[in-house]
Amino acid sequence: TFSGMIHAAKSVSAGETVGLFIENTAASAVGNKAVLAFGTDAGATSTNNPRIEVVNTNASNGASKMVFKTHASGGNITEAFRLNSDASATFSGTATATKFRATSQLVSADNILMAAGQFYLGAENSTTNDTYRMYHSSGSFLLQSRESGSWTSRFTIDTSGNSTFSGDVTVANDTPKLSIKDTNYSNNTFDIDFNGGVSGFFTSNANTYFSFKGGGNEFARIG
């Protein structure tokens, strides 16, 4: 038992020095542990306070994981973070950081939530041309692309569910089909708006016709 500080110092030029080495001298077996425990106040013990455990996970090759545990209420210690032998990491709670960077894949088995900001595709910044971003604004969903230094909305869904495309909409396959359906079956009227001039298709049990309108007035009818 030391009542003061332990200071280990050794000079190793361009090499490694070991200041503290904790060894479990038992024969290799899954579950063997070497533990570094911390007591934060008087009366603390090594079993109910924060600790770092190195645990044997493979008896034949000595592979191990490193487990960080914290002291919760009620005197129990719980796992907070695990670093596995394959260098993968597991957080038991919420991991908070200014920036997370995945060099290969970012995989989620459940929801991904964004309270604010934009989701960018195609670059690691917001200033690269020929890239995309999506976000919400005043309840609407927007998909934008960046061309010549400016962001332009290409697709928008508003709070009523109405969708707006800034360019052409193409349906291309062996049997192209564009369906327009009246879901409430009340008036069976389908409108196609051409810059304020409306071509409306009307159908009912009694008749079916296609009318051409301009300025609110019908000027031609087929059917």
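**View 1. Strands E2 and E3 side by side.** Strand E2 (residues 51–56) and strand E3 (residues 64–71) run antiparallel and share six bridges. Strands here are DSSP runs of E, at least two residues long, numbered from the N terminus, and two of them pair if DSSP finds at least two bridges between them. Look for Arg 51, which sits opposite Lys 69 in E3. A note on what you're viewing: this is a predicted model, where local features need pLDDT of at least 70 and side-chain atom pairs count only at pLDDT 80 or more, while totals for chains, interfaces and linings use all residues. Residues are numbered from 1 along each chain as its sequence is written, and side-chain values use heavy atoms, with hydrogens and water left out.

**View 2. On to E4 and E5.** Six bridges also link E3 with E4, again antiparallel; here Met 66 has Leu 83 in E4 as its bridge partner. Strand E4 (residues 77–83) then joins E5 through three antiparallel bridges, with Arg 82 partnered by Thr 90 in E5.

**View 3. The whole open sheet.** Five antiparallel strands line up as E1-E2-E3-E4-E5. Strand E1 (33–37) and strand E5 (89–91) are the edges: each has a single partner strand, so one side of each has no neighbour in the sheet.

**View 4. The loop residue Leu 178.** Leu 178 belongs to the loop between strand E10 (163–165) and strand E11 (189–194). Its relative accessibility is 70%, so Leu 178 counts as exposed (over 50% relative accessible area, with a 1.4 Å probe and protein chains only).

Notes: Helix = DSSP H or I, 4+ residues; strand = E, 2+ residues; numbered from the N terminus. Buried < 20%, exposed > 50% of the residue type's maximum accessible area, 1.4 Å probe, protein only.
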